[in-house]
Each structure stands twice: as C-alpha cells, then as structure tokens.
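Please look over the sequence and the model below. A short briefing follows, grouped by topic.

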Amino acid sequence: MGSKELLKEGLVLLVSGLAKEMEALKQHYRDKDWMAIGAFAHKWKGGASYCGARRFEQVCQELVIALQSKLFEEAEEFYQQLFKVTEATKAAAMQVVNSE
C-alpha cells in the first residue's frame, strides 16, 4: 500500500470516527461534562496529528490545556472553535479522499 492510499485510509477513519462521536460530544456539552469533552479532545488530537490536520490538532490541544488548567471560560471558547474546525476538517479530508 502506497503512502497516498495510507493517507486516504487514515482520513476516512478520522472522518467516520468524528461523525459518530460528534453526537456524544454534543451530549457531554449539554451535560457540562468537561472531563468527557477533554477525553474526546485528547483522543482527537492524536488522530489529527496522525493525519496531518494541524489546525484540528491545535484546537484540541488548546481545549485540553484549558480544561487541565480549569479555565472553563476559555474551554467554552475552544469547544465552539472545535466544532467549526471539526466540520472544516471533515470537509477537507473528504476532498482529499475523493481526489485522484
């Protein structure tokens, strides 16, 4: 398997995982379960790093740091950014997957 195919496979896994986990993340936010949100952000940071999604990785890292520091106002802002960046990341990943 070539590096291009491996990248596409990783991106497909990233997108499918994000799609499934977004609903759970929304519920954790409604419950204000910041520990669970932090666990998602930590997990996603690793996946983003693996796939080269730098902005997604950065927002996840900032959210994790804010939560570890108990800076919940900042965490709120990073959570909102995370949703925007997640949608942009999914769209960009699918564009790469669907390209020749």
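In which helix does Ala36 lie? Ala36 lies in helix H2. Helices are DSSP runs of H or I with at least four residues, and strands are E runs of at least two, numbered from the N terminus.

This is a predicted model, in which local features need pLDDT of at least 70 and side-chain atom pairs count only at pLDDT 80 or more, while totals for chains, interfaces and linings use all residues. Residues are numbered from 1 along each chain as its sequence is written, and side-chain values use heavy atoms, with hydrogens and water left out.

- Ala36 counts as buried, because its relative accessibility is 17%. Buried means under 20% relative accessible area, exposed means over 50%, and partly exposed is in between (1.4 Å probe, protein chains only).
- Leu25 is eleven residues from Ala36 in sequence. The two C-alpha atoms are 7.9 Å apart in space.

**Helix H4 and its packing**

- Helix H4 covers residues 72-98, 27 residues in total. From first C-alpha to last, H4 reaches 38 Å. That is close to the 39 Å expected at 1.5 Å a residue. The expected span is 1.5 Å times one less than the number of residues.
- The buried residues of H4 include Ala75, Phe78, Tyr79, Leu82 and Phe83. Thr86, Thr89 and Lys90 are also among them.
- Two packed helices are described by the angle between their axes and the distance between the axes.
- Helix H3 (residues 54-68) packs with H4 at an angle of about 160 degrees, and their axes are 9 Å apart. Axes are lines fitted to C-alpha atoms, for helices over the stretch in contact, and angles run from 0 to 180 degrees between N-to-C directions.
- H3 and H4 are therefore roughly antiparallel to each other. The cut-offs are under 35 degrees for roughly parallel, over 145 for roughly antiparallel and 65 to 115 for roughly perpendicular, with the rest oblique.
- The axes of H1 and H4 come within 10 Å and cross at roughly 150 degrees. H1 is therefore roughly antiparallel to H4.
- H3 passes H4 in a left-handed crossing. H1 passes H4 in a left-handed crossing too. Left-handed means that the near helix is turned anticlockwise from the far one by less than a right angle; clockwise is right-handed.

**Aromatic residues**

- The structure holds seven aromatic pairs. Tyr29 and Trp34 form an edge-to-face pair, at 6.1 Å centre to centre with 85 degrees between the planes. Rings of Phe, Tyr and Trp (its six-membered ring) pair if their centres lie within 6.5 Å; planes under 30 degrees apart are stacked, over 60 edge-to-face and the rest tilted.
- Tyr29 and Trp34 are both buried.
- One aromatic cluster is formed by Tyr29, Trp34, Phe72, Tyr79 and Phe83.

**Two loop lysines**

- Lys32 sits in the loop between helix H1 (3-30) and helix H2 (34-51). Lys32 is partly exposed, at 43% relative accessible area.
- Lys32 lies over the face of Tyr29, 3.8 Å from the ring centre. A charge sits over a ring if NZ of Lys or CZ of Arg is within 6 Å of the ring centre and within 35 degrees of the ring normal.
- Phi of Lys32 is near 55 degrees, a positive value in a residue other than glycine.
- Lys70 is placed in the loop between H3 and H4. Its phi is positive, about 60 degrees, although Lys70 is not a glycine. Lys70 is exposed, with a relative accessible area of 61%.

**After H4**

- Ser99 is in the segment after H4. Ser99 is partly exposed, at 32% relative accessible area.
- Ser99 and Lys43 are 56 residues apart along the chain, and 27 Å separates their C-alpha atoms.
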